[in-house]
Amino acid sequence: MATRNIPHPGAQVTSVLARPSLQPRISAHQSPGHVDSRLQRMLSDRMESSGPQFSTSEISPAHQVTLWGGALFALVASITVAAFMAGRRLGARSAVQPTAYPQTKPGMHVGRADYRLYPMAMASVAGTSDVIVTAHRVEHLRHLMAEAGVSAYLIPSSDPHMSEYTPERYMQRGYITGFDGSFGFVVVTQKEALLWTDGRYFLQASQQLESPVWTLMKGGQPGVPTSHDWVAANMDAGAVVGFDPWTMSSTVYSQFAAAFKEKAADKGIQMKPLDGNLVDKVWTEDSKVSMPTVSKDPVFIHDVKYAGKSVVDKLTDLAKELEAAGQDRILLTALDDIAWLLNLRGADVNFNPVFLSYCIACRDGTAQVFMDPAKVTAEVAAHLTAANVTLLPYKQVADVLADTSQGPVRYSYDPSLCNMKLCQILEDNPKAECTPQPSLVMFAKSIKNDVELRGMRRCHVRDAAALCKYFLWLEDQHAAGHPVTEVTGAAQLAKFRAEGEHFVSLSFETISSVDSNAAIIHYNPNNGDQRPITADSMYLLDSGAQYLDGTTDVTRTMHFGTPSAKQKECFTRALKGHLALSNCVFPDHVTGQQLDVLARSALWQAGLDYNHGTGHGVGCFLNVHEGPHGISPRPNTNKLMAGAIVSNEPGYYEDGEFGIRIENLCYFKEVDTKYNTKRFLGMEDLTLVPIQKKLVDVELLTDAELDSLNAYHQRVLKEVSPMLANEERVLEWLKEACAPLNHVATGLSR
């Protein structure tokens, strides 16, 4: 899944807009195989389920016909596809995307094993490609701003944990703007309402923002100031800038404060933390769109057979790190850091198995975790007690940080991951000596142990088998003349994945996009025009899943007819960059920024480029985006390290025409070189899915590149074939898809 390219204040982002509060479930005794029958029953409930999310009065009149027409089209398509599948129940637009909850297995450590299911139908309409009317929300906000005595109000995309993916409860930026992209930062004044986003979302934001209410600020483009520079330049003398200290990170606060000092010192602009979030007040009083509540779903134990290391061992290692750094305690605020450290998983965030919590770990190897006690089962409580972890209520973290009776104590915290409220509490405590520094747990989490890497390899093989089944299924539908849309296709792929061992959920909303829709880098088919995937389509599929033993994220671009010469050239140039990065060897002190050029060089030679990062870190049965490692043009001082997992995903996007992306997950490993003068690293692919040969212009590939592609396909065939031993037609499809290419290859069907 493509990552952002341009750094920006408010970089913590969200995944999707709030969903309906009425969510169907699969009970604890059901397995993923029961999903099909639930899908059929949900067909009749789809429109009702979407009710709490929107009303037609909130959507521009010009788009209402399109909205309901699309719903009817999807329903007809669902029934049609289901009929010819001879007993296979697809559910189409009412197909589900289960979020992070474990599959029930005998002996599993789960508090209550069920699936939270989300309809792929109208669930996200508050953030569709249709323009959402937000003028009344903005005016209400301005009224509250005047009452609070602030000239401008800042709205990041984050929650109190500075999460990239936030619980529905904290999607204030999406609610106030109607824009559901994963990155955005908002500034509202009495006269202006501005949204900053990055290159992945320029097109999408231009389609979703209500005009003239909102001004789109294309971050990183020439002549476009950052949000803090804009505020410094446009506020009057004595202006007061308000914000919610619980959702503003210390780092972002510092960027605004520095801009005011350096560029508007004579204006005396002040930053004012407010009690209560002003957007929450608007949302609470909204009679048409209900504000979601915080999840009450229980957490569950992530077994050491998947985690590879016990909680006691992790706390012991962390204690050694604290001692070496001269610190007594570390305040952990990032949800995935805490889930990893405590070998726990939850269901508070769509597609990400994390739970709302804080943690304080100490140099003596003990820890305190702050979370809702109602989410803790007896088994989880015993798990924590055995690891010397004390359970305290979620909100009590503020009292513990403010406590002066503990004597002098040296605290470490990550200012980019800690909200301004807790930072201020620590800074105001005379007994606390604070050291802002990157999270020690983030670094430890990013280096996968042998058990985690083994699990990631295994789940990628199962994931590849599901994708092979899906691609053959698509070809069969085209051959039979049966209609498949972006949504019904994504639903079928989810079904294939759910049949696999250890499947838990998707790892993000599937990007199933046809032709010009694929040029919207993070396109959501549920919010689009439900375009059919035809034999003449250029089809981009970016998808992934959560398994108990790992997380997947893979993108393939396909054409089911005859691609144009330009499409083949653009695809092949992206492929050349993908292969260059995959085969590179580099010293172990290199950063991702230094490698990024390898993925872009072939595109640059033709005057092409892509407006997103080349690679992001990935968790192991955790968040599909993980720091600190990445590959991107933006500065990143973190050295790439053996054991870290990143994506490799160059692409090309032509607005109004098509989009291309080729994405594998891979991990860094130590490699031997001819002279072995020092330590060098290379990359090994985890993703094992054929790259469509039909789109390759072999004359643009060197012999070495062609050999590399063929070698990759032979590895795919060798490792995935055993999973398809009982699937004769799928296995034949895989063999043909992996057959070697040469420089005189013509007439390829796959």
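**Figure 1. Overview of the predicted model and its burial.** Of the 750 residues in the protein, 63% are buried, and the model from which this value was computed is a predicted one. The protein contains 22 helices and 30 strands, and its accessible surface comes to about 26,100 Å², with 53% of that area belonging to carbon and sulfur atoms. When contacts between residues at least 6 apart in sequence are taken together, 73% of them join residues at least 24 apart.

**Figure 2. Close-up of the crossing between helices α7 and α8.** Helix α7, spanning residues 227-234, and helix α8, spanning residues 250-263, have axes that come within 9 Å and cross at roughly 40°. The crossing in which α7 passes α8 is right-handed.

**Figure 3. Close-up of the residues through which α7 and α8 meet.** On the α7 side the contact is formed by Ser227, His228, Asp229, Val231 and Ala232, and these meet Gln255, Phe256, Ala259, Phe260 and Lys263 of α8. Sorted by class, the contact of α7 with α8 comprises 5 nonpolar, 3 polar and 2 charged residues.

Figure 4. Helix α12, which covers residues 335-342, is mostly covered, with 8 of its 8 residues buried. After α12 comes Asn343, which has a positive phi, near 50°.

Key. Residues are numbered from 1 along each chain as its sequence is written. This is a predicted model: local features need pLDDT of at least 70, side-chain atom pairs count only at pLDDT 80 or more; totals for chains, interfaces and linings use all residues. Side-chain values use heavy atoms; hydrogens and water are left out. Helices (H or I, at least four residues) and strands (E, at least two) are DSSP runs, numbered from the N terminus. Buried means under 20% relative accessible area, exposed over 50%, partly exposed in between (1.4 Å probe, protein chains only). Contact means heavy atoms within 4.5 Å. Accessible areas come from the Shrake-Rupley method with a 1.4 Å probe; for residues, only the protein chains shown count as cover. Axes are lines fitted to C-alpha atoms, for helices over the stretch in contact, and angles run from 0 to 180 degrees between N-to-C directions. A crossing is left-handed if the near helix is turned anticlockwise from the far one by less than a right angle, and right-handed if clockwise. Ala, Val, Leu, Ile, Met, Phe, Trp, Tyr, Cys and Pro count as nonpolar, Asp, Glu, Lys and Arg as charged, and the others, Gly among them, as polar.
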